[in-house]
Amino acid sequence: MPDSVINLYSDTQTRPDEAMRQAMASAEVGDEQRGLDPTVITLCEEVAELLGKEAAVFLPSGSMCNQIAVRLHIRPLGDEMYLHRLAHPITAEAGGAAAISGAMVMPLEGEGGKFTGDALRAHMRDPADRHEPRSRLVMIEQTTNLGGGRVWPLAQIEEVLEVAKEFGLRTHLDGARLLNASVASGVSAAAYAAGFETAWIDFSKGLGAPIGACLAGSHELIEEAWRYKQMLGGSMRQAGFVAAAARYGLQHNVERLADDHANAKFLAEGLAEINGVEIDPSTVETNIVIFDVADATDLHDKLKAAGVETSLLEGRVRMVTHLDVDRADIETALAEVQTALS
Ligand SMILES: *Cc1c(COP(=O)(O)O)cnc(C)c1O
């Protein structure tokens, strides 16, 4: 067993550092579900402002943000939602869109976890017909996760939103890594979120906090979201302790996402030079690196034995950079890939 692990499994693997723990320990707290936790209230105001929305609600996870948003937009009467085949609600939320909201799910295809306005248009059920589901909701992931950390260009988002408007669809932005997109492109989070009725960011990914996400939207939608938060058991008590970590992450760990992106680029360029690895480094835009090898499971297991954690998806290897890995760790990981494949 190696004595230290380089954890490239996900950017969810960060542990709060000393300064974040201090911020947590000294947080002012209250009863969150009665609207009496001052740190949670401040965090929600900050996120609403960041995303250019009227209001926000603090939730235990990004998955709950997606599930509540789907429930807000979908009526369990045969409404259909459109999202990429690899999107989180399809691959990693235990089928909640069907179980909780009764959604018909139409997976869309497209490069890097993105799709075009035309791909969406091709699935619109227009004119409405009582035999068919009702076209109701479109959602995108910014950045795409299983799509490889890709950034949707603003113009492509606007194209999708244009179609949504034409057909009267509700709109939702899964912004688990929205701030990665913003740091990589220079486009503000509010500009990305502008055309969407609901949008959220995660604190337990690149921002380095242990728990939590905030869903933002109009006063009316967020008030309604509170009902589902209560229903799903997402209302909390002295949640200010974790909201303080989230606030700390927003204050200190956003600009440094550029370091994660540079490390991912360096990793991709190094991998491209290793015999047996297939990757196009120009597709690595943020902190996620996905590549092909002849036997992904074998490489994953060998790296694990050497102290490098990675994840496997659809026969490919994924490595994610974050706060707790530095350039030297990436160099070590590259050397271990070289060894494992030779
Ligand atoms: C991680 C992730 C989620 C879920 O967030 P959790 O906080 O882990 O529940 C949703 N969507 C995307 C794109 C993600 O990467």
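Student: Which residues touch the most other members of the largest nonpolar core?

Tutor: Bear in mind that this is a predicted model. Of the 51 residues in that core, the ones touching the most other members are Leu43, Val47, Leu51, Phe58, Leu120, Phe203 and Leu250. Helix 11 (residues 240-252) gives the most to this core, with six residues.

Student: Why is it called a nonpolar core?

Tutor: The name asks for buried residues from a set list, Leu, Val and Phe among them, joined through side-chain atoms within 4.5 Å. Leu43, Val47 and Phe58 are members, so they meet that description.

Student: What is valine 47 in contact with, leaving aside its neighbours within four places in sequence?

Tutor: Ala56, Ile201, Phe203, Cys214 and Leu250. Contact here takes heavy atoms within 4.5 Å. Away from this core, a second, separate one of 25 residues includes Leu8, Ala264, Val293 and Leu303.

Student: How do you know that isoleucine 288 is buried?

Tutor: Buried means under 20% relative accessible area. Isoleucine 288 comes in at 1%, so it counts as buried. This residue lies in strand 9 (residues 288-291). Beyond its neighbours within four places in sequence, isoleucine 288 is in contact with Thr144, Asn145, Gly148, Gly149, Arg177, Arg318, Met319 and Val320.

Student: What makes the crossing of helix 3 and helix 10 a packed pair I can describe?

Tutor: Two packed helices are described by the angle between their axes and the distance between the axes. For helix 3 (residues 62-73) and helix 10 (residues 219-231), that's an angle of about 115° and axes 10 Å apart. Helix 3 passes helix 10 in a right-handed crossing. On the helix 3 side, Ile68, Arg71, Leu72 and His73 take part, meeting Leu221, Glu224, Ala225, Tyr228 and Lys229 of helix 10.

Student: How do the residues of this contact divide into nonpolar, polar and charged?

Tutor: Five nonpolar, one polar and three charged. Arg71 belongs to the contact, and Arg counts as charged.

Conventions:
Residues are numbered from 1 along each chain as its sequence is written. This is a predicted model: local features need pLDDT of at least 70, side-chain atom pairs count only at pLDDT 80 or more; totals for chains, interfaces and linings use all residues. Side-chain values use heavy atoms; hydrogens and water are left out. Buried means under 20% relative accessible area, exposed over 50%, partly exposed in between (1.4 Å probe, protein chains only). Helices (H or I, at least four residues) and strands (E, at least two) are DSSP runs, numbered from the N terminus. Axes are lines fitted to C-alpha atoms, for helices over the stretch in contact, and angles run from 0 to 180 degrees between N-to-C directions. A crossing is left-handed if the near helix is turned anticlockwise from the far one by less than a right angle, and right-handed if clockwise.
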